[in-house]
Amino acid sequence: MERKKSKLSGFFDIVNTIEDWILAILVIGMVIVIMLQIIGRVIGRPLPWTEETSRYLFLWMMFVALAAGFNRCESSRVTLFLQVGPKWLKKFSEILYAVCVVGFFIVMLIFGIEVVKQQAMLHEMGTALRIPMTVIGICQPIGAVLGIIGTLQSFLEYHGKVAIGDKETEKAKALENEG
């Protein structure tokens, strides 16, 4: 599906680039750390910090990737129920999709902030790395904000992917275009 440029396209491009770089760094970091972990075990000198590091890198990767999936409306969606459901459900599906997705990210943001505040209040530290757990916990509210931005982008620039059309109408249009 072709991207429809919006007034916020420059902003979305910056956010998407930042997400892509963060994800690339996290994946490369995980590969290196896990390789060190494997090598350490093979030679009989396991590195205790590698397991914790790979876990933290994975958490960051998961929350940023979750958000990035919404940028171009590439996240999982349930369309089968909408296709077999009543017409009124199809009409409200975009609103329902927006409310559910943004609602999910708002809940994720609120609880993520609460977790980070608790980690800061208790001065939680990583066991092996001895880094503040707020550095790890902040990935959840950051992922929530990125997810809301990505959802906005998908509605503004990839609306055709968000819209749930009537399959019979789509088939008829496709047949018309072929003939």
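Visitor: What percentage of the residues of the protein chain count as buried?
Guide: This is a predicted model: local features need pLDDT of at least 70, side-chain atom pairs count only at pLDDT 80 or more, and totals for chains, interfaces and linings use all residues. Numbering starts from 1 along each chain as its sequence is written, and side-chain values use heavy atoms, without hydrogens and water. Buried means under 20% relative accessible area, exposed over 50%, partly exposed in between (1.4 Å probe, protein chains only). Of 179 residues, the buried share is 35%.

Visitor: Which pattern does the protein chain follow along the sequence?
Guide: Helices (H or I, at least four residues) and strands (E, at least two) are DSSP runs, numbered from the N terminus. The chain has 8 helices and 0 strands. Its pattern reads α-α-α-α-α-α-α-α.

Visitor: Is glutamate 19 buried or exposed?
Guide: Glutamate 19 sits in helix H1, residues 9–42. Its relative accessible area is 0%, so glutamate 19 is buried.

Visitor: Leaving aside neighbours within four places in sequence, which residues is glutamate 19 in contact with?
Guide: Contact means heavy atoms within 4.5 Å. With those sequence neighbours set aside, the partners of glutamate 19 are Val64, Ala67, Ala68, Asn71 and Leu146.

Visitor: Where is histidine 123 found?
Guide: Histidine 123 is not a glycine, yet has a positive phi of about 55°. Its relative accessible area is 65%, so histidine 123 is exposed. Histidine 123 belongs to the loop between helix H4 (87–121) and helix H5 (134–137).

Visitor: What is the phi of arginine 130?
Guide: Arginine 130 lies in the loop between H4 and H5. Its relative accessibility is 52%, so arginine 130 counts as exposed. Although arginine 130 is not a glycine, its phi is positive, about 60°.
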